[in-house]
Amino acid sequence: MQPGLGLRFGALDERTVHLCVDAQRMFAEETDWHTPWLRRILPAIERIAAWQAHRTIFTRFVPAENAGACTGTWRRYYERWPDMTLDRLPAGMVDLLPSLAARVPPARVFDKRTYSPWIEPGFAALLQGTEAVVVTGGETDVCVLATVLGAVDRGYRVVIAADAVCSSADETYDAMVTLYSSRFGEQIEIAPTAEILDAWPATP
């Protein structure tokens, strides 16, 4: 492991929540947004979700109906990706991957329309009483980034599971790990799943 990585601020407890970002079929299957790494990191996500199912929140990125329903740069975004709108996506592509969906309940699902869940009404309330978040999912440089920075801004201890997050390209994943560890060292920790689970007792 690189210097500076690992759980440097002690064990995790019942005030910790697992935030799994956008582990959905439309990113795992052959679509315009296919992220090949998602299948590779799925076993690590499954381990954390199984260990702390009742403390897991799955976010889902829900695309716009079509580009015409959007304003600002989101309109241009969906003009670039027209086959990823709800009007064109096959049914069920917004769903969680089946092995993760099987954890709901007790795990919870929260839908969002943008990269960050924090601007959606009701998300912050789900974390009432939480002091730390363990982040998994994709992508490290897009929706995970937005989720992590929102948690940092709100003062949460943020732990990123290094082997349970992914990007579309190795170089952007590596760049984000460097950014998180070098620029946010007092607020973000990066550790492998095994170390996180060892430091986070399962509770009923």
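Strand β1 pairs with strand β2 (residues 56-61) through 4 bridges, and the two run parallel. One spot to look at is His18, whose bridge partner in β2 is Thr56. This is a predicted model, so read every value here as computed from it.

β1 has another neighbour too: 6 bridges join it to strand β4 (residues 132-138), again running parallel. Here Val17 stands opposite Val133. With those two partners in place, how many of the residues of β1 are buried? The count is 6 of 6, so the strand is mostly covered, buried being under 20% relative accessible area. Thr16, His18 and Cys20 point one way, while Val17, Leu19 and Val21 point the other way, and all are buried.

Now for the residues flanking the strand. Arg15 sits in the segment before β1 (16-21). Is Arg15 buried or partly exposed? It counts as partly exposed, because its relative accessibility is 35% and that class lies between 20% and 50%. Leaving out residues up to four places away in sequence, Arg15 touches Gly129, Thr130, Glu131 and Ala132. Its C-alpha atom is 30 Å from that of Phe27, 12 residues apart along the chain.

Asp22 is in the loop between β1 and α1 (25-28). Asp22 counts as buried because its relative accessible area, 2%, is under the 20% cut-off. Beyond four places in sequence, its contacts include Phe27, Lys112, Gly138 and Cys143.

| Side chain | Partner | Distance |
|---|---|---|
| Arg15 | Asp13, side chain | 2.5 Å |
| Asp22 | Thr59, side chain | 2.9 Å |

The largest one has 68 residues, and Met26, Leu38, Val148 and Val158 touch the most other members. Helix α2 (residues 37-51) gives the most to this core, with 8 residues. Nonpolar side chains tend to be buried together in soluble globular proteins. What does Leu38 touch beyond four places in sequence? Its contacts are Ala23, Gln24, Phe27, Ala28, Ile45, Leu97 and Cys166.

Zooming out, UniProt lists residues 16-190 as "domain: Isochorismatase-like", in an unreviewed entry. That span is 35% helix and 21% strand, and its end C-alpha atoms lie 15 Å apart.

Notes:
Residues numbered from 1 in each chain as written. Predicted model: local features only at pLDDT ≥ 70, side-chain atom pairs only at ≥ 80, totals over all residues. Heavy atoms only, no water. UniProt positions renumbered as here; feature names shortened; annotations may be inferred. Buried < 20%, exposed > 50% of the residue type's maximum accessible area, 1.4 Å probe, protein only. Contact = heavy atoms within 4.5 Å. Polar contact = N/O pair within 3.5 Å; in protein donor to acceptor, adjacent residues only side chain to side chain. Core = buried A, V, L, I, M, F, W, Y, C linked by side-chain atoms within 4.5 Å. Pairing = 2+ DSSP bridges.
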